[in-house]
Each structure stands twice: as structure tokens, then as C-alpha cells.
Amino acid sequence: MDLKHLEERVAELGEPAYRARQVWEWTARGAEGYDDMTNVPRTLRDSLAADVPFSTLAPESEQRSRDGTVKTLFRTHDGHPVEAVLMRYRDGRRSVCVSSQSGCPLTCTFCATGQMAFGRNLTPWEILDQVLHFRRSEPLNHLVFMGMGEPLMNVDAVLEAARRLPDIGITHRRTTISTVGWLPGLQRFVEEVDEPIRLALSLHAADPGLRSELMPVNDRYPLPDVLALCRAHWERTKRRVFVEYVMLAGVNDSQAQARALAGLLGRDAFKVNLIPYNPTGMYDGSSRSVIAAFKTELDRARVPSTVRLTRGQDIAAACGQLAAPARPRVRA
Ligand code: SAH
């Protein structure tokens with residue numbers, strides 16, 4: 001729901017501003033539509049229903065994985081595809097992975113999203129409507145900005161959306177924004193975000209030459225600058241930056257590369273998340289034993305690390321696999 005549009009409409013109708021707040025509270029708690037909002041006068045509900053679409057996104061299709069993961073494909077009003085994923089865990093965790101852009105202008109070689117056409121930045125409401133779609137079926141408690149797009153290229157909309165998540169039940173401590181190290185956005189995040197929102201950095205290689213091969217953005221924003229900002233964030237908040245490192249067989253997974261990674265990061269400011277590669281065409285994933293050996297090197301250097309659990313691979317909902325098909329052609 002476009003909350004700005006909502007507030008404007010409420011004002012134009014000569015209604016008090018708290019009516020817009022009531023509508024948002026209902027929506028954030030999982031209401032199915034204006035009809036549910038029983039403390040809002042019927043006539044106002046009817047006018048709003050006619051003027052302010054309940055969602056800015058239209059769900060187009062939904063896929064369910066054997067592991068309980070759900071992936072939904074939406075369309076924006078102007079036809080751009082957006083995907084979001086709900087992950088369910090046995091311990092009750094319900095984590096949503098949202099997109100911040102339709103497609104992605106970056107071209108990381110291992111990620112399928114970079115291979116589809118880039119559409120545009122999403123609005124805060126288009127980001128929140130992905131969350132609200134899942135909220136209508138169950139309570140949610142975690143969120144990651146790890147779907148399509150580079151969140152810090154769209155930093156205003158991402159922060160506006162992130163700041164409203166507690167209304168939906170997702171606290172800042174359980175919210176993570178992931179970035180390739182998009183420096184201007186990262187700078188803003190580090191300087192102005194006071195909420196305890198988690199920062200994650202997609203690193204994937206400690207060696208600058210290799211990182212540039214995997215992630216061309218590395219030529220634009222050099223790693224030392226990016227890491228300096230991450231360290232500044234840690235200094236300021238004492239919250240570790242999570243480092244994402246996708247394990248590519250024979251590319252970045254040797255024990256020597258693990259030691260280089262440990263040397264680059266140090267023990268204090270970072271926690272490494274090793275990600276098993278989800279097939280997107282170009283590479284082979286590292287075997288479990290190679291991932292374990294890599295982790296052992298990090299353990300030895302006392303750099304904290306975990307191995308990410310892969311979810312939703314059978315429905316192409318796992319990390320790096322979001323690549324919605326182009327809009328089906330309408331036949332004449
Ligand atoms: N653009 C931001 C947000 C997307 S997060 C970023 O890159 O951080 C998506 C995460 O999945 C990133 O860490 C990305 O590097 C990782 N990823 C991309 N392709 C992948 C693949 N094929 N297998 C596993 N992880 C992948």
C-alpha cells in the first residue's frame with residue numbers, strides 16, 4: 001500500500017490524519033483488505049478502496065518447495081517482475097527475503113539476477129507489499145534484503161521500508177541489509193542509520209583481482225574503501241558485519257584463500273557466512289568437505305563463521321537464483 005498516497009487521500013477527503021494510521025496498523029497486522037478495518041467508517045473505507053490500491057503489487061504465481069519455502073512472483077503496476085521468498089524453519093523462524101529492485105544492474109558472474117533485464121528501483125511500498133503478502137498468511141519475524149537488486153543503490157526506499165518493519169512484527173535486530181559494497185549507499189547507511197539493522201557484505205574473494213572477475217563492481221568501488229566503512233560501522237555499533245562468501249569449486253575455495261580471507265578480515269569486526277553455491281550455470285559448487293576445510297582454516301585464525309543452510313533450490317528460490325521470466329507476450 002502506498003502510504004504517501006493514502007495520507008494524501010485521507011487529507012483530501014477532509015478526514016483526520018489518524019485514519020491513515022489506523023489503515024496502516026490493520027494492514028501491517030495482516031488484514032486482507034479495507035473490509036477488515038472495522039474501526040474505520042464504512043464510507044471512508046469505500047472511498048479509499050476505490051482510490052488507494054490495497055497492494056502496489058499483483059501476485060502472479062507462487063511456487064512451493066519441498067522444504068516449506070515459498071517463492072512468489074509479483075508484477076508492479078507498470079509491469080516489472082519482482083520475486084520474494086518466505087523461508088520457514090523448524091524452530092519457528094519465519095524469514096522473508098525481499099527484492100529492492102526489479103532485476104539488477106550489476107553483473108556478478110555467479111548470480112542469475114544479473115543476467116535478466118534491469119527494470120528499476122522499487123518504491124518503499126513495493127518492498128513492504130512483498131512482506132505484507134506473506135504476513136497475510138502467517139506471522140513473520142526475520143527479514144533479509146537479499147532478493148533481486150542491490151539495496152544500497154536504492155537506499156532511501158530500502159531504509160524507509162526497513163524502518164516500518166517493526167509495525168509488521170520484524171524488529172531491526174532481525175533485519176539484514178546485504179550489499180556488494182555500493183559505496184555511496186554504504187556511506188549513508190554507516191553514517192545515518194541508528195537503528196540496530198544488520199549489515200551484510202557480499203565479499204566472495206579476498207584477492208582484488210579475483211573479486212573483480214567475479215563482481216565487476218569491485219573495479220568501481222575498491223575493496224579497501226568498502227572494508228574501511230564496514231569497520232567504521234563495527235566501531236560505531238559493535239555489531240559485526242556479516243560477510244557472504246559463496247563457495248565456488250577451484251575458484252575461491254582453497255585453504256590458502258581461507259587464510260588470506262582471515263588475514264583480510266581479522267577477528268573483531270566480521271562474521272563469515274559460507275554459502276554453498278546454488279547452480280546458475282557458470283560454476284561448480286565446492287564439495288561439503290572442501291567447505292569444511294575452508295571453515296577449519298577460519299576457525300584456526302579465530303575468525304567466526306557459519307555455513308548457510310540452502311533453502312528452496314528445487315524451485316529456484318535459493319540465493320542467486322531469482323530471475324523472473326520476462327512478461328509473457330500478449331498474443332494479438
Ligand atoms: N546485491 C546484494 C543483495 C543480494 S543478496 C548483494 O549481493 O549482497 C544475495 C546473496 O546471494 C549475495 O550474497 C550473493 O552474492 C549471493 N549469491 C548470488 N548468487 C549466488 C549463487 N548462485 N549461489 C549462492 N549464493 C549466491
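Analyst: Start with Ala-316, which is found in the segment after β10 (305–307). A word on the names: helices (H or I, at least four residues) and strands (E, at least two) are DSSP runs, numbered from the N terminus. This is a predicted model, where local features need pLDDT of at least 70, side-chain atom pairs count only at pLDDT 80 or more, and totals for chains, interfaces and linings use all residues. Residues are numbered from 1 along each chain as its sequence is written, and side-chain values use heavy atoms, with hydrogens and water left out.

Ala-316 is not a glycine, yet its phi is positive, at about 50 degrees. Most residues other than glycine have a negative phi. Ala-316 is partly exposed, with a relative accessible area of 30%. The cut-offs are these: buried means under 20% relative accessible area, exposed over 50%, and partly exposed in between (1.4 Å probe, protein chains only).

His-204 also has a positive phi without being glycine, near 70 degrees. His-204 sits in the loop between β7 (198–202) and α7 (208–214). At 4% relative accessible area, His-204 is buried.

His-204 leads us to the ligand. Which residues come nearest to the ligand, of the 22 around it? They are Phe-110, Ser-178, Ser-202, His-204 and Asn-278. Here, a residue is near a molecule or strand if one of its heavy atoms lies within 4 Å of it.

Now the polar contacts. Such a contact is a pair of N or O atoms within 3.5 Å; within protein, one must be able to donate a hydrogen and the other to accept it, and residues adjacent in sequence count only if both atoms are side-chain atoms. Ser-178 places a polar side-chain atom 2.6 Å from an oxygen atom of the ligand. A polar backbone atom of Thr-179 is 3.4 Å from a ligand oxygen. Cys-319 uses a backbone N or O atom, 3.4 Å from a nitrogen atom of the ligand. How much of the ligand does the protein bury? Taken alone, the ligand exposes 540 Å², and the protein buries 95% of that. These areas come from the Shrake-Rupley method with a 1.4 Å probe; for residues, only the protein chains shown count as cover.

Go back to strand β7. Arg-198 has its place there. Is Arg-198 buried or exposed? Arg-198 counts as buried, because its relative accessibility is 16%. One polar atom of the Arg-198 side chain lies 2.8 Å from the backbone oxygen of Arg-240. Contact means heavy atoms within 4.5 Å. Leaving aside neighbours within four places in sequence, Arg-198 is in contact with residues including His-172, Ile-177, Arg-239, Arg-240 and Phe-242.

Next comes Ser-286, in the loop between β9 (270–276) and α11. Ser-286 is buried, at 11% relative accessible area. Its side chain has a polar atom 3.4 Å from the backbone nitrogen of Leu-248. The backbone nitrogen of Ala-249 lies 3.5 Å from a polar atom of the Ser-286 side chain. Beyond four places in sequence, the contacts of Ser-286 are Met-247, Leu-248, Ala-249, Asp-253 and Ile-291.

Last, the rings. The structure holds four aromatic pairs. Rings of Phe, Tyr and Trp (its six-membered ring) pair if their centres lie within 6.5 Å; planes under 30 degrees apart count as stacked, over 60 as edge-to-face and the rest as tilted. Tyr-34 and Phe-54 make an edge-to-face pair, with 5.7 Å between centres and 70 degrees between planes. This pair links distant parts of the chain, 20 residues apart: Tyr-34 is in the loop between α2 (18–28) and α3 (42–51), Phe-54 in the loop between α3 and β1 (57–64). Tyr-34 is buried at 6%, and Phe-54 counts as buried at 15%. Tyr-245 and Phe-294 form a tilted pair, 5.1 Å centre to centre and 35 degrees between the planes. Tyr-245 lies in strand β8 (residues 241–247) and Phe-294 in helix α11 (residues 288–300), so the pair ties together parts 49 residues apart in sequence. Tyr-245 is buried, at 1% relative accessible area. Phe-294 counts as buried too, at 0%.
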